[in-house]
Amino acid sequence: MNAAGASSTERVSEVVRLTTALADQVLIARLEERAVYTEQVGALVKAARFLEQQGEPWPPLLTQALYELSGLREEDALATSAPSAGQELAQGEDSDAKPQDDRGLSRFLKLLKKDTSA
């Protein structure tokens with residue numbers, strides 16, 4: 001394998017590693033009934049798309065996290081932004097605020113839910 005191929009493989013491996021770690025954090029947050037942030041979901045979706053483009057299978061935790069998130073109501077599941085260092089946003093805080101969805105996360109998750117239930 002040439003240097004470019006090895007470098008590409010290393011990058012994909014790093015994306016898989018980071019994606020698995022983030023998916024684990026999201027699943028733990030769901031179990032502990034803590035907020036999941038749109039930035040976290042966006043990162044998982046981007047990673048899923050990247051891996052798809054590379055022809056790589058999704059890590060099992062990514063699949064599980066996206067499946068879990070696809071069944072949630074947007075206003076109950078997602079907070080609009082991650083807290084600053086040392087700050088935590090409680091789930092349900094400012095419950096009238098609706099997350100921004102300019103990246104189509106809700107649509108993606110709804111489509112994922114349809115695909116997995118078929």
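In which helix is T19 found? T19 is found in helix α1, and the legends below begin with the chain that holds this helix.

**Figure 1. Overview of the predicted chain.** The model is predicted, so local features require pLDDT of at least 70 and side-chain atom pairs count only at pLDDT 80 or more, while totals for chains, interfaces and linings use all residues. Numbering starts from 1 along each chain as its sequence is written, and side-chain values use heavy atoms, with hydrogens and water left out. The chain contains five helices and two strands, in the order α-β-α-α-α-β-α along the sequence. Helices (H or I, at least four residues) and strands (E, at least two) are DSSP runs, numbered from the N terminus. Of the 118 residues, 31% count as buried; buried denotes under 20% relative accessible area, exposed over 50%, and partly exposed the range in between (1.4 Å probe, protein chains only). Contact means heavy atoms within 4.5 Å. Among contacts between residues at least 6 apart in sequence, 69% join residues at least 24 apart.

**Figure 2. The largest nonpolar core.** This core has 16 residues, and those with the most contacts inside it are V26, V36, L44, L62, L66 and L69. Two or more residues come from each of α1 (3–31), α2 (38–54) and α3 (60–70), and α1 gives the most, with six residues. A nonpolar core is a set of buried Ala, Val, Leu, Ile, Met, Phe, Trp, Tyr and Cys residues joined through side-chain atoms within 4.5 Å. In soluble globular proteins, nonpolar side chains tend to be buried together.

**Figure 3. Surroundings of L44 and T19.** With neighbours within four places in sequence left aside, L44 is in contact with T19, L22, A23, V26, L62, A65, L66 and L69. T19 counts as buried because its relative accessibility is 5%. Residues up to four places away in sequence not being counted, T19 touches L44, A47 and L62.

**Figure 4. Packing of α2 against α3.** Two packed helices are described by the angle between their axes and the distance between the axes. For α2 and α3 the angle is about 130° and the axes are 11 Å apart; axes are lines fitted to C-alpha atoms, for helices over the stretch in contact, and angles run from 0 to 180 degrees between N-to-C directions. The two helices are therefore oblique to each other, given that angles under 35 degrees count as roughly parallel, over 145 as roughly antiparallel, 65 to 115 as roughly perpendicular and the rest as oblique. α2 passes α3 in a left-handed crossing, that is, one in which the near helix is turned anticlockwise from the far one by less than a right angle (clockwise for right-handed). V41, L44, V45, A48 and L51 of α2 meet L62, A65, L66 and L69 of α3. The residues of this contact comprise nine nonpolar, no polar and no charged, where Ala, Val, Leu, Ile, Met, Phe, Trp, Tyr, Cys and Pro count as nonpolar, Asp, Glu, Lys and Arg as charged, and the others, Gly among them, as polar.

Figure 5. L61 lies in helix α3 and is partly exposed, with a relative accessible area of 26%. Not counting residues up to four places away in sequence, L61 touches T20, A23, D24 and L27.

Figure 6. R17, in helix α1, is partly exposed at a relative accessible area of 47%. R17 and P59 are 42 residues apart along the chain, and 8.8 Å separates their C-alpha atoms. Q54 belongs to helix α2 and is partly exposed, with a relative accessible area of 37%. From C-alpha to C-alpha, Q54 and T9 are 10.0 Å apart in space and 45 residues apart in sequence.

**Figure 7. Backbone at E33.** E33 lies in the loop between α1 and β1 (36–37). Although E33 is not a glycine, this residue has a positive phi of about 55°. E33 counts as exposed, at 62% relative accessibility.
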